[in-house]
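Open the model in your viewer and keep the selection tool at hand. The stops below each give something to select and say what is there.

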Amino acid sequence: MPKILLVEDNEMNRDMLSRRLERKGYAVVMAMDGESGVMMAQSEMPDLILMDMSLPVLDGWEATRRLKSEGATQNIPIIALTAHAMSSDRDKALESGCNDYDTKPVELSRLLSKIEALLKDSNKGEAP
Ligand code: MN
C-alpha cells in the first residue's frame, strides 16, 4: 500500500482529501505546517508527498526546497497544491523542485492520475 504524506493546514481540506485517498487504498500520514511536513517526510519516508503551498511556519515552496536538497528525501515525488491557477505559481512550484502541480479545489480523478504516474516513475527508478 503506497504511503502518501499530506501537508495541509486547512482541517476541512485535510480530512476530506485524506479520507478519499484512504478509500482508494492509500495509507495517509498528515502534517499541518511546512516544518512538521519536512520532519514527517524524514521520519515516515512516504512514497509521495502532496504539499499545500500556503502553509504556516514554513511555506510549501521552502519545505519542498529543503526536502529536495537532502539525500534521504530528494527522490520522494512531490505534487504542489495551490488555490491559484496562475502560471507564475506553477512555475514557482516547479522551480522549488515539485515534480507536478495541481490546483485546489482538488478534482480527485485528475489528482489520482498524477499520483499514479509519479508512483509508477519512482518504482521504475528503484528496479534493479
Ligand atoms: Mn494552506
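Select Ser18 and Asp15: a polar atom of the Ser18 side chain lies 3.0 Å from the backbone oxygen of Asp15. This is a polar contact, meaning a pair of N or O atoms within 3.5 Å; within protein, one must be able to donate a hydrogen and the other to accept it, and residues adjacent in sequence count only if both atoms are side-chain atoms. The model is a predicted one, in which local features need pLDDT of at least 70 and side-chain atom pairs count only at pLDDT 80 or more, while totals for chains, interfaces and linings use all residues. Residues are numbered from 1 along each chain as its sequence is written, and side-chain values use heavy atoms, leaving out hydrogens and water.

Ser18 is part of helix 1; helices (H or I, at least four residues) and strands (E, at least two) are DSSP runs, numbered from the N terminus. Ser18 is buried at 5% relative accessibility, where buried means under 20% relative accessible area, exposed over 50% and partly exposed in between (1.4 Å probe, protein chains only). Show Leu6, Val28 and Met30 next: Ser18 is in contact with them, leaving aside its neighbours within four places in sequence. Contact means heavy atoms within 4.5 Å.

Now go to the manganese ion. Asp9 (OD), Asp52 (OD) and Ser54 (O) coordinate it at 2.1 to 2.2 Å. Donors are N, O and S atoms within 2.8 Å of the metal (3.2 Å for Na, K and Ca); water is not among the atoms, so sites may look incomplete. Asp9 sits in the loop between strand 1 (3-7) and helix 1 (11-23) and Asp52 in strand 3 (residues 48-52), so the pair ties together parts that are 43 residues apart in sequence. Asp9 is partly exposed at 35% relative accessibility, whereas Asp52 is buried at 3%.

From Ser54, move to Asp33, 9.0 Å away C-alpha to C-alpha and 21 residues apart in sequence. Asp33 belongs to the loop between strand 2 (27-31) and helix 2 (34-44), and its side chain reaches the backbone nitrogen of Glu35 at 2.9 Å. Beyond four places in sequence, Asp33 touches Val7, Leu55, Pro56 and Val57.

Last, select Leu5, Val7, Ile49, Met51, Met53, Leu67 and Ala93, which touch the most other members of the largest nonpolar core, a group of 20 residues. Such a core is a set of buried Ala, Val, Leu, Ile, Met, Phe, Trp, Tyr and Cys residues joined through side-chain atoms within 4.5 Å. Helix 3 gives the most to this core, with three residues.
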